[in-house]
Amino acid sequence: LDLDSLYDTEGLKYTGQIQKTDKGIKALYFEVKHSSKPMVVPLSHIQSLYFADSSENVIQNKSDNYIITLQGGGSLTVESIKLSSTEVSAKHPILGQITLKPHSLQSITSTSNKDE
């Protein structure tokens, strides 16, 4: 059984399975072996997520945009993101479909997670 990996902002690593996200409380439910209930991890405390599933994971919400911050500086605002183990595909409003390597990204932030 492949497991997802979560690194928090304090550098701690957890392995388990992502159960769901909750936009209301801005948190991720992460099931770990040593707990009977999933951990509730605030999105602001997540440094990195790695998906065990090699199939594509699509992040898309019609009312949200996502900001991809690049390692070398700069950022892109995109409408949807597809994550796989080897690449990140995104739909940019001007450039169209773009494909990036995960190591070239610093972060992906939902604009709905920004404090007003």
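Q: Which strand does β7 pair with over 5 bridges, and in what sense?
A: In this predicted model, β7 pairs with strand β12, residues 105–110, in the antiparallel sense over 5 bridges. In β12, Thr109 is the bridge partner of Ile67.

Q: And what stands opposite Ile67 in β8?
A: Thr77 stands opposite Ile67 there. Strand β7 (residues 66–70) and strand β8 (residues 75–78) are also antiparallel, with 4 bridges.

Q: How many residues sit between β7 and β8 in the hairpin?
A: There are 4 residues between them. Gly73 is in that turn and has a positive phi of about 110°.

Q: Where is Asn65 placed?
A: Asn65 is in the loop between β6 (57–60) and β7.

Q: Buried, exposed or partly exposed?
A: Asn65 counts as partly exposed because its relative accessibility is 31%.

Q: What is Asn65 in contact with, leaving aside neighbours within four places in sequence?
A: With that exclusion, Asn65 is in contact with Thr77, Val78 and Glu79, and also with Thr109, Ser110 and Thr111. Asn65 and Thr109 are 44 residues apart in sequence, while their C-alpha atoms are 8.6 Å apart in space.

Q: Moving to the inside. Which residues make up the largest nonpolar core?
A: That core has 11 residues in all: Tyr66, Ile68, Leu76, Val78, Ile81, Leu83, Val88, Ala90, Ile98, Leu100 and Leu105.

Q: Which elements give two or more residues to this core?
A: Those are β7, β8, β9 (80–83), β10 (88–92) and β11 (96–100).

Q: Take Ile98. What is Ile98 in contact with, leaving aside neighbours within four places in sequence?
A: On that basis Ile98 is in contact with Leu76, Val78, Val88, Ser89 and Ala90.

Q: What does the second, separate core include?
A: The second core has 7 residues, among them Phe30, Val32, Met39 and Ile46.

Q: Charges next. How many salt bridges does the structure hold?
A: The structure holds 1 salt bridge. In it, the side chains of Lys91 and Glu79 meet at 3.9 Å, N to O.

Q: Which parts does the pair tie together?
A: Lys91 belongs to strand β10 and Glu79 to the loop between β8 and β9, so the pair ties together parts that are 12 residues apart in sequence.

Q: What about Asp8: which side chain of opposite charge is nearest?
A: The nearest one is Lys13, 12 Å away. Asp8 is buried and has no salt bridge.

Q: Then which backbone nitrogen does the side chain of Asp8 reach at 2.8 Å?
A: That of Leu12. The Asp8 side chain also reaches the backbone nitrogen of Gly11, at 3.0 Å.

Q: What else is Asp8 in contact with, leaving aside neighbours within four places in sequence?
A: Those contacts are with Tyr14, His45, Ile46 and Gln47. Ile46 is also one of the residues in the second core.

Q: Which strand is Asp8 in?
A: Asp8 is in strand β1, residues 4–8.

Q: How many of the residues in β1 are buried?
A: In β1, 4 of its 5 residues are buried, and the strand is mostly covered.

Q: How many bridges join β1 to strand β2?
A: There are 4 bridges between β1 and strand β2 (residues 13–22), and the two run antiparallel. Leu6 stands opposite Tyr14 in β2.

Q: Which residue in the turn of that hairpin has a positive phi?
A: Gly11 does, at about 90°; the hairpin of β1 and β2 has 4 residues between the strands. Gly11 is also where the side chain of Asp8 reaches a backbone nitrogen.

Q: And β5: how many bridges join β1 to it?
A: β1 is joined to strand β5 (residues 46–50) by 4 bridges, again antiparallel. Ser5 stands opposite Tyr50 in β5.

Q: Last one. What is phi of Lys26 near?
A: Phi of Lys26 is near 55°, which is a positive value in a residue other than glycine.

How values were computed: Residues are numbered from 1 along each chain as its sequence is written. This is a predicted model: local features need pLDDT of at least 70, side-chain atom pairs count only at pLDDT 80 or more; totals for chains, interfaces and linings use all residues. Side-chain values use heavy atoms; hydrogens and water are left out. Buried means under 20% relative accessible area, exposed over 50%, partly exposed in between (1.4 Å probe, protein chains only). Lys and Arg count as positive and Asp and Glu as negative; His and the chain ends are not counted. A salt bridge is a side-chain nitrogen of Lys or Arg within 4 Å of a carboxyl oxygen of Asp or Glu. A polar contact is a pair of N or O atoms within 3.5 Å; within protein, one must be able to donate a hydrogen and the other to accept it, and residues adjacent in sequence count only if both atoms are side-chain atoms. Contact means heavy atoms within 4.5 Å. Two strands pair if DSSP finds at least two bridges between them. A nonpolar core is a set of buried Ala, Val, Leu, Ile, Met, Phe, Trp, Tyr and Cys residues joined through side-chain atoms within 4.5 Å.
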